[in-house]
Amino acid sequence: MTSHFWLMVLFAAFVSVVFAVLLRDTPREQVQTAGMMLGGFVAAAYVLGWLMFPFPL
Amino acid sequence: MSTKSTAAERPRIAAEPGRLALVCALAWLVPGLGHFIVGRRQKGLVFVVALPLMFLTGLWLQGRLFPLELSDPLVFLGAIANRGIGLPYLIARLMDAGAGTVTAVSYEYGNTFLMTAGLLNFLVVLDAWDVALGRK
């Protein structure tokens, strides 16, 4: 598995699930929070990735 | 009117220092076990699955388990983060896993998964501590 995008999504999923379960008490709230966090992480990484595109290291 | 209970009203599950230390030690050793002990079984179940799975993914991605080298502060901090996962780390060391393949494309991802799994488990231990004290 060498897709940077899917590895990032997998990482974001793990982190989202753990944080959501830590922060919320009911399963419904946990699922909602995890989904929102995952979406936020992936969207932010995608946007930042494109913003960094013109600036090679 | 708020229905949330105050910290004073919540039961202190492990108020004695010895029992509190035991809860934290077990929570570190087996991710999620602390939550099982303090009665948060649903949370414990998620942690006991998610955190070792994240650690295993890091090993599968050919990440490295860092040695405790004080001469290199970043490696030392990485080593502390690696050890945060508890028993899965000890098992991996016994099996000689986690040597790391620097040339692998997924090496840095593997390191990130391994260290983050340990750091998240530190947060889980702190959460179990709070629940045991009746703060949550």
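**Where chain B meets chain A**

Across the interface of chain B and chain A in this predicted model, six residue pairs are in polar contact, both partners having pLDDT 80 or more. On the side of chain B that touches chain A, the elements giving two or more residues are α3 (41-60) and α6 (107-133) of chain B. Helix α3(B) supplies the largest share of that side, with ten residues. Sorted by class, the side of chain B touching chain A holds 14 nonpolar, five polar and four charged residues.

Now let's look at the extent of the meeting. In terms of contacts, 23 residues of chain B meet 18 residues of chain A. The size of an interface is often given as the accessible area lost when the parts come together. Here, the area buried between chain B and chain A comes to about 1700 Å², and carbon and sulfur atoms give 80% of it. Within chain B, the residues losing the most area to chain A are B:Lys43, B:Tyr109 and B:Phe113, which together make up 27% of what that side buries.

The rule finds one salt bridge across the interface of chain B and chain A. A:Asp25 forms a salt bridge with B:Lys43, and their closest N and O atoms lie 3.1 Å apart.

Finally, let's turn to a residue in helix α6 of chain B, namely B:Asn111. Is B:Asn111 buried or exposed? B:Asn111 counts as buried because its relative accessibility is 4%, and buried means under 20%. Apart from neighbours within four places in sequence, B:Asn111 is in contact with B:Gly63, B:Arg64 and B:Phe66.

Methods. Residues numbered from 1 in each chain as written. Chains lettered and ligands numbered in written order. Predicted model: local features only at pLDDT ≥ 70, side-chain atom pairs only at ≥ 80, totals over all residues. Heavy atoms only, no water. Contact = heavy atoms within 4.5 Å. Buried area = accessible area lost by both parts, 1.4 Å probe. Salt bridge = Lys/Arg side-chain N within 4 Å of Asp/Glu carboxyl O. Polar contact = N/O pair within 3.5 Å; in protein donor to acceptor, adjacent residues only side chain to side chain. Helix = DSSP H or I, 4+ residues; strand = E, 2+ residues; numbered from the N terminus. Nonpolar A, V, L, I, M, F, W, Y, C, P; charged D, E, K, R; others polar. Buried < 20%, exposed > 50% of the residue type's maximum accessible area, 1.4 Å probe, protein only.
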